[in-house]
Amino acid sequence: MAAIEVDGLTKDYGEVLANDDLTFEVAEGEVFGYLGPNGAGKTTTIRTLMGFQSPTAGSATVLGYDVTDESELIAAKRRIGFLPSNPAFDEQVTGREILDLHASIKGDERREELLSVFDPPIDRKIRAYSTGNVQKLGLVQAFMHDPDLVVMDEPTSGLDPLMQREFNEFVDAEKDDGMTVFLSSHVLSEVRRVCDRVGVLRQGRLVTTERIEALLDRTGKFVRVRVAGDVAAAAFELDGAHDVACSTTDGGSGSDGDGRESPDTAAVTGEPVTECTFTFTGDVNDLLALLAEYSVIDLDVEEAPLEEVFMRFYGDTDA
């Protein structure tokens with residue numbers, strides 16, 4: 001049995017078709033990333049799966065329970081952890097009191113373990129919490145009753161980089177123990193670290209569902225390279241290079257953006273310096289062979305931004 005089954009799910013608000021005929025499954029023990037830019041319809045799907053609203057058409061089950069049947073949904077929620085986007089708690093009470101309330105409803109056998117991982121200041125009143133501390137408290141309440149399925153909407157929003165890494169390691173360990181995780185995100189780098197598969201949503205429609213490795217192979221890398229000399233953009237138009245843009249500056253007067261001379265530019269005094277940027281989906285060995293023909297000053301290779309992923313691979317999808 002799949003942990004989540006969605007069949008033809010549609011949510012039409014009249015002026016906005018937020019979810020349009022969605023069909024997908026999430027397997028037990030899988031970390032499934034629901035990927036898309038803000039406004040794509042991710043939160044609408046989550047609200048429907050959690051029973052906060054009814055679909056206009058179609059059906060969905062979580063852990064085998066029909067999300068439109070109130071009695072079944074109550075039974076399902078005993079086994080589900082949930083973290084909404086921008087969680088909100090009563091600001092007049094402490095984090096401890098919030099956790100006590102949730103414990104009285106669903107249990108808290110993992111509370112102390114989770115507090116040691118995420119460490120929110122539970123004896124401080126919520127009104128004094130930072131955004132990150134609210135998010136950490138939300139993570140503790142989502143997992144503390146040891147659910148079979150956890151549904152999270154933008155779970156690392158507000159977390160600092162160190163806590164984001166802690167979260168990723170925690171999810172990896174939970175997956176190894178058989179927990180199913182469904183998380184939405186608009187950050188590709190976050191999804192790639194923890195997810196097995198992804199569903200890509202665009203304007204309410206599911207564009208693709210595939211293994212994370214396949215998605216990364218298709219999206220490629222964003223490349224920024226600076227080389228000595230006046231080099232035309234055509235020089236970097238090899239197979240797999242997209243949207244090549246180059247600009248050349250006088251090597252003797254380069255700056256780092258705030259008016260100061262850039263040390264690496266000064267190193268090639270008298271020569272112009274060309275900076276080229278592009279997205280690369282080809283064979284990295286071909287790229288390295290090309291760069292070997294030039295005097296490379298510096299090179300940055302990063303994951304392609306999510307916006308470029310959508311423009312390149314899904315821009316022609318009907319809205």
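Throughout these legends, a residue is called buried when its relative accessible area is under 20%, exposed when it is over 50%, and partly exposed in between, as found with a 1.4 Å probe on protein chains only. The model is predicted, so local features need pLDDT of at least 70 and side-chain atom pairs count only at pLDDT 80 or more, whereas totals for chains, interfaces and linings use all residues. Residues are numbered from 1 along each chain as its sequence is written, and side-chain values use heavy atoms, with hydrogens and water left out.

**View 1. The disulfide between Cys246 and Cys276.** A disulfide is a covalent bond between the sulfur atoms of two cysteines, and it is assigned here to a pair of cysteine sulfur atoms within 2.5 Å. The structure holds one disulfide, in which the sulfur atoms of Cys246 and Cys276 are 1.9 Å apart. Cys246 belongs to strand E12 (residues 241-249) and Cys276 to strand E13 (residues 273-280), so the pair ties together parts that are 30 residues apart in sequence; helices (H or I, at least four residues) and strands (E, at least two) are DSSP runs, numbered from the N terminus. Because the torsion about the S-S bond is about 110°, the disulfide is right-handed. Cys246 counts as partly exposed at 26% relative accessibility, whereas Cys276, at 1%, counts as buried.

**View 2. The aromatic pair of Phe24 and Phe182.** Rings of Phe, Tyr and Trp (its six-membered ring) pair if their centres lie within 6.5 Å, and planes under 30 degrees apart count as stacked, over 60 as edge-to-face and the rest as tilted. Of the 10 aromatic pairs that the structure holds, the one formed by Phe24 and Phe182 is stacked, with 6.2 Å from centre to centre and 15° between the planes. Phe24 lies in strand E2 (residues 17-26) and Phe182 in strand E8 (residues 180-185), so this pair ties together parts that are 158 residues apart in sequence.

**View 3. The aromatic pair of Phe143 and Phe170.** The ring centres of Phe143 and Phe170 are 4.9 Å apart and their planes stand at 85°, so the pair is edge-to-face. Since Phe143 is in helix H5 (residues 131-143) and Phe170 in helix H6 (residues 161-176), the pair ties together parts that are 27 residues apart in sequence. Phe143 and Phe170 are buried.

**View 4. The salt bridge between Asp20 and Arg205.** A salt bridge is a side-chain nitrogen of Lys or Arg within 4 Å of a carboxyl oxygen of Asp or Glu, and a search of the whole structure finds 16 salt bridges. In the one shown here, the closest N and O atoms of Asp20 and Arg205 are 2.8 Å apart. Asp20 lies in strand E2 and Arg205 in strand E10 (residues 205-211), so the pair ties together parts that are 185 residues apart in sequence. Asp20 is buried, with a relative accessible area of 18%, while Arg205 counts as partly exposed at 31%.

**View 5. The salt bridges of Glu275 with Arg224 and Arg226.** The closest N and O atoms are 3.1 Å apart between Arg224 and Glu275, and 3.7 Å apart between Glu275 and Arg226. Glu275 lies in strand E13 and Arg226 in strand E11, so their pair ties together parts that are 49 residues apart in sequence. Salt bridges link Arg224, Arg226, Glu275, Asp298 and Asp300 in a network.
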